[in-house]
Amino acid sequence: MTDQTMYVILLGPPGAGKGTQAVQTAERTGLLHLSTGDMFRENLRNGTDLGNLAKTYMDKGELVPDDVTIRMLLERIGRDDAKAGCLFDGFPRTVEQAKALDVALTEQGDEIAVTVLIDVSNEEITRRLGGRVSCATCGSVFHEIFNPPNADSPCCDSIKMIQRDDDKPDAIANRLQVYADQTEPLVEYYTESGKLSTVNGEQSPDAVGVDLLAALQAVSS
Ligand code: AP5
């Protein structure tokens, strides 16, 4: 589907299913999946200064400061493997980040093709994040009820599941407030530029994926 260069943003509240959809969509389209949350967590695992700094914000459900996040993301999209396009998951999260991304893409003669908002209510998000677990070995994401790990899998068995520190109730509530205050204005930002497409995130993951691919196909020629 993507012989052309294509930059796509997955927008939505914490727990909307951005990561779940990004993994599947990247496999189907060949687009590079870039998650700023994953980049911060990888830095933390590697014990870098950036990772340790990010942790102080992430554990509370706050955003990592724009200057740090923008620098990290722009460095990443400057690498060769991002030149054919990317699927952004968790970036941008503020209008300042969105503007910085627009400037960087314009400088290289590109632009955002579409921003897909995965629309999910706060009640559903609280249910999803409270049950989210991931495999300590490979990082695959599951949900204790909606998408349970395979008890027979040699890698992702239920004993090896871990919970993210920011999926504790206090942090979830703060992340939802931070989303409303700092990230939701992006809905208007991308609506005004004619780049917003909305999918219903309260369907099965497969059904959301079908709608997401349709939104990408609508802007690819
Ligand atoms: P990040 O890692 O980006 O977290 P997030 O946006 O809060 O999103 P999540 O990963 O929690 O959820 P998701 O939408 O990917 O949902 P998932 O697919 O996992 O960011 C973490 C932190 O890093 C931030 O709080 C911030 O501190 C920092 N950060 C990151 N980017 C930043 C930036 N740009 N600027 C500043 N700071 C930044 O699904 C959730 C659960 O639901 C799973 O259990 C899944 O199995 C289940 N599920 C998924 N889809 C469905 C479905 N359709 N039906 C039922 N269950 C489903």
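Salt bridges, pair by pair

Mentor: Arg41 and Asp38 form a salt bridge, and their closest N and O atoms are 2.8 Å apart. The model is a predicted one. Both Arg41 and Asp38 belong to helix H2 (residues 36-45), where they are three residues apart, about one turn of the helix. Arg41 counts as partly exposed, because its relative accessibility is 21% and buried means under 20%. Asp38 is also partly exposed, with a relative accessibility of 36%.

Next come Asp59 and Lys55. Their side chains meet in a salt bridge with an N to O distance of 2.6 Å. Asp59 has a relative accessible area of 33%, so it is partly exposed. Lys55, at 28% relative accessibility, counts as partly exposed too.

Arg128 and Glu124 are separated by about one helical turn, because they are four residues apart in helix H6 (residues 122-130). Arg128 and Glu124 are both buried. Elsewhere, salt bridges that share partners join Arg132, Arg164, Asp166, Asp167 and Arg175 into one network.

For the whole model, the count comes to 13 salt bridges.

How values were computed
Residues numbered from 1 in each chain as written. Predicted model: local features only at pLDDT ≥ 70, side-chain atom pairs only at ≥ 80, totals over all residues. Heavy atoms only, no water. Salt bridge = Lys/Arg side-chain N within 4 Å of Asp/Glu carboxyl O. Helix = DSSP H or I, 4+ residues; strand = E, 2+ residues; numbered from the N terminus. Buried < 20%, exposed > 50% of the residue type's maximum accessible area, 1.4 Å probe, protein only.
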